[in-house]
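Please open the structure in your viewer and keep the selection panel at hand.

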Amino acid sequence: MKKFLLLTVFALFMVITVACSSDSSGEADGSSDDGSWEPEEPIEIVAPAGAGGGWDTTARMVAKVFNEESIIEESIGVVNKAGGGGAVGWAYVAGHEGSGHNMFVASPPLLFIPLNGQSEYGHEDFTPIANVIADYAAFAVAADAKWDNLNELFDDMKEDPSSITVVGTSSPGSMDHIQFVKIAKAAGVDVTKIKYVSDQDGVGLTQLLNGSVDVFSTGVSETVEQVKAGTIKVLGVTSEERLEGEILEDFPTAKEQGIDETFVNWRGFFGPPNMDEAAVAYYEEKFKELSDSEAFADIRKQFGWDEMYMGSEEYSQFLGDEKEKIQTLLDELGLGQ
Amino acid sequence: MGSLEGILTGFQVAFSLEGVLFVLIGVFVGTFIGMLPGLGPISAIAVMIPITFGMDPAPALVMMAGVYYGAIFGGSTSSILLNAPGVSGAVATAFDGYPMAQQGKAGKALAIAAICSFFGGTVSVLLLMLLAPALSSVAIAFGPPAYFALMLMGLTAISSLSEGSTIKALLSAVAGFMVATIGIDAQTGTQRFTFGNVNLLEGLDFLVIALGLFALAEVCTLIINRKDLSQENTHKIGSMKLSKEDINEMKGPATRQSLLGFIIGVLPGAGATIASFIAYISEKKIAKNPEEFGKGSVRGLAAPEAANNAATSGAFVPLLSLGIPGSGTTAVMLGAFLVLGVQPGPLLMTDRPEIFWGVIASMYIGNVFLLILNLPLIPYFAKILKIPRPLLISLVIMFSIIGVYAISFNTFDLYMLLLFGVVGFLMRIFSFPAPPFILAFILGGMMEQAFRQSLTISNGSLMIFVQDPIALSLLIVSLLSFVFPLVRQLRKRKG
Amino acid sequence: MLKTLNQRISIVLILIGTGYLVLTFQLPSYAYVPADADLIPMVLGILLIILAVCLYFSKDSETEEQKARRNIPKQDVVALLTVFGFILVYIIFLEILGFVLITALFVFFCSWFLGYKKHITNLLVSVIFPVFMYVMFTEFLRISLPQGILPF
């Protein structure tokens, strides 16, 4: 009987504490009468992936500059919500509808993953706040490969697609695959014949160096050091114009090789659905300040990121256009859901 | 600048006051975080990155490297004492470490783990220093067919992990492999067995299964035996002094598995976890008394501990000399380099010798510090076992819960932990061994991907596995290791 | 038909294997790779069933010690179920009540339930441990654990 008593006490405890919890959770809303808005409690940035990845790094660096440069006085915490390639984190933020103190960092997978049918939330469900940085794709081959530019590669692919293998980190239908397909399609390659393998342990570069595969589809910054050392060569990058910086400026764009297509790996921040307009305006301005700050310029330089600021409205427009293009590609590949 | 000159510069960096101080901080934080539930080297490095921002790169990186191998070093403690591995590289440590602690020899088990870790760490740093530039070609020698063959070799050892029925061991393995197929398939983007649940898209985390199958299943046994006084000797810690016999037992496995662990660590994508498993099973294969494995064998504890620490240093080969991160942990480590404005890659050794050699040289000091830090603390750690059973059970559960929660910050994984706790307990009472399950879970997933990558590259031809010389030789070795025991048995029967 | 334990386990495993195969056959196909997503699962499902059939016909090879593990007194089964119930409650309320509070409650009541009599020590441990862990994670390591209803 004593056990029974004990269980009852435990249950009672739970009930009481839960009951207490319900009064104390009144949502703070920082809107004042004149329409301006200021955060009133700590801000939470969700990195929808584990510690150490691109999203996590961006979020932590942004939080750091915001606080250290006193752009935002309220403290900012980065929370990791990993799973489903981001879907778990997005569902979490979607649960904070209307909050002005939650946001998450995102990049093109926010478009790919819903299109692949792997997340019920897409960018339309959230409030775009601002884009901050851009990165571009690079297509690399071994230094002694027979191709010297994208056109030579694509010509061979048109002739005998089964002889060329492309490697990337993400699975088919996501970033590394689609960025290659997008450019190849513009060059007239039959995209359904492209042989693509995914190597999720980030061993793509190894496979390129040991000759298992022929082309490595990756981010620009991952190639610089190898090119410097002369182990690989970059046939093309996906930016509009040539990039700046040592080595980077030598990479030809796809555009200048007559392939009229680009791919941007943008990275920006989103709020939950129906975020207060005044709050969006507040953050837009703060992100602009961040983007213009010297401290953040140093960080961009360190990680090899490009500056690419977009305010909420422009961002929203941009995302809509991008999504449409990707949708067309996926449909052609039979990957769209 | 020649290599020798570079090495000297490295030692100057490492043995400077600043260098020594930061190594000390690094390994201290590393072991500490490694002991905390769920926090492995990845989170340890990630949390240190913002701290190093703005620091001088050489001492900062020396510290980060210390955090990394320190975390692996510290991870074995909870494996041995609680059967609750805190990092995935320490799962194989629990196979013999925990039984040893249960026999009242916790002090000895922890001492063996610390010494073998130190040994593995030091041997591999030596190899790193002598061979790093040359080994970079080994690091890229393995293509998908060779990885497939390597994983297959690991899997063929499963029957040796069984304590009784081979059929049951194989069933465990197939089940573990099946669990590994849950999630998005990397080669096609197809969702497999996810039931539309977003939490399953990336598959189940290794620690969820390890903590469920080992820690929670053990909790169940503890609950059943909680009043059993004959188990009293588990409260004993025992002396941490090693006898001559112990040292003789340790010597062989520690040396062999340090070498093997180092080589596996050099291969991108393999890492400490696979190294520790392969070390364990290969040591069991060649042991004179394999039946002692799993029951507190000194060899069974020495092998994975030497190997996982050796693999950690091995992982620095592709990272430093090629700029290729071979694992999630080294990818974060690469991030740490970038933050400090250092780009690892083929040019690092000539451009920044003070960093390349400084990090390597500091590992000698780091390993010595780890040993000095850990040995005197063993009696205190081992006191955990003195905690009265009921309280200990509650704390192990808490430990497992934080461990799993810290992976994804998501309660879904906790339900999975509970589920695998039940599965682990059922497997235990029906005599299905758990190690084949976990081994197949980790090797199987990688094996499948490598197999299918190979087939895509070869346009569907199986010949690719025979044409690749590394793959072919590994396949022959696994075939032989399968056939030999059979032949031996047949001969015995005839005789 | 179901005389031995092995036979009963075997039937359960065959059912699991069949279910897994059914799911495998439902996987959508992807046209651009020679070995599709369902290849390995198909092999695994069939392998599981074959092995389960072998188990069905295999002799019982368990030692006495292994058999003894199944003799669990009824009161221990109740204890096991209760602790699992506690864990379930722990998980359900972790993000609602916050890490510190629910962990303290769990450690205290679980230890008490399992027969720990020193209530003062128990209380101290169950408060100090979670607080220590929480401060460690959130302040020192900057990894946030659920804060819940407590104000810090």
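Select chain A first. In this predicted model, among the contacts of chain A with a separation of 6 or more, 77% are between residues 24 or more positions apart. Chain A has 337 residues, and buried residues make up 51% of them.

Next, colour chain A by domain. Domain 1 of chain A consists of two stretches, 43-134 and 265-333, while domain 2 of chain A covers 136-264. How far apart do the C-alpha centres of domain 1 and domain 2 of chain A lie? The distance between these C-alpha centres is 26 Å. Where the two domains of chain A touch, 14 residues of domain 1 and 16 residues of domain 2 take part in the contact.

Remain with the side of domain 1 of chain A that touches domain 2 of chain A. Select helix H4 (109-115), strand E9 (264-271) and helix H11 (312-333) of chain A; each of them supplies at least two residues to this side. Which element gives the largest share of this side of domain 1 of chain A? That element is H11(A), with five residues. Sorted by class, this side of domain 1 of chain A has ten nonpolar residues, three polar residues and one charged residue.

Now move to chain C and show chain B beside it. The contact between these chains involves 55 residues of chain C and 47 residues of chain B. On the side of chain C that touches chain B, at least two residues come from each of helix H1 (5-25), helix H2 (39-57), helix H4 (74-97), helix H5 (99-113) and helix H6 (119-140) of chain C. H4(C) provides eleven residues, the largest share of this side. By class, the side of chain C that touches chain B contains 41 nonpolar, seven polar and seven charged residues.

- Residues 39-57 of chain C: the span is 100% helix and 0% strand, and its end C-alpha atoms lie 28 Å apart.
- Residues 99-116 of chain C: the span is 83% helix and 0% strand, with 23 Å between its end C-alpha atoms.

Technical notes:
Residues are numbered from 1 along each chain as its sequence is written. Chains are lettered from A and ligands numbered from 1 in the order in which they are written. This is a predicted model: local features need pLDDT of at least 70, side-chain atom pairs count only at pLDDT 80 or more; totals for chains, interfaces and linings use all residues. Helices (H or I, at least four residues) and strands (E, at least two) are DSSP runs, numbered from the N terminus. Domain bounds come from an automatic or database domain assignment. Two residues are in contact if their C-beta atoms, placed from the backbone, lie within 7 Å. Ala, Val, Leu, Ile, Met, Phe, Trp, Tyr, Cys and Pro count as nonpolar, Asp, Glu, Lys and Arg as charged, and the others, Gly among them, as polar. A residue is buried if 20 or more other C-beta atoms lie within 10 Å of its own, exposed if 12 or fewer, and partly exposed in between; C-beta atoms are placed from the backbone.
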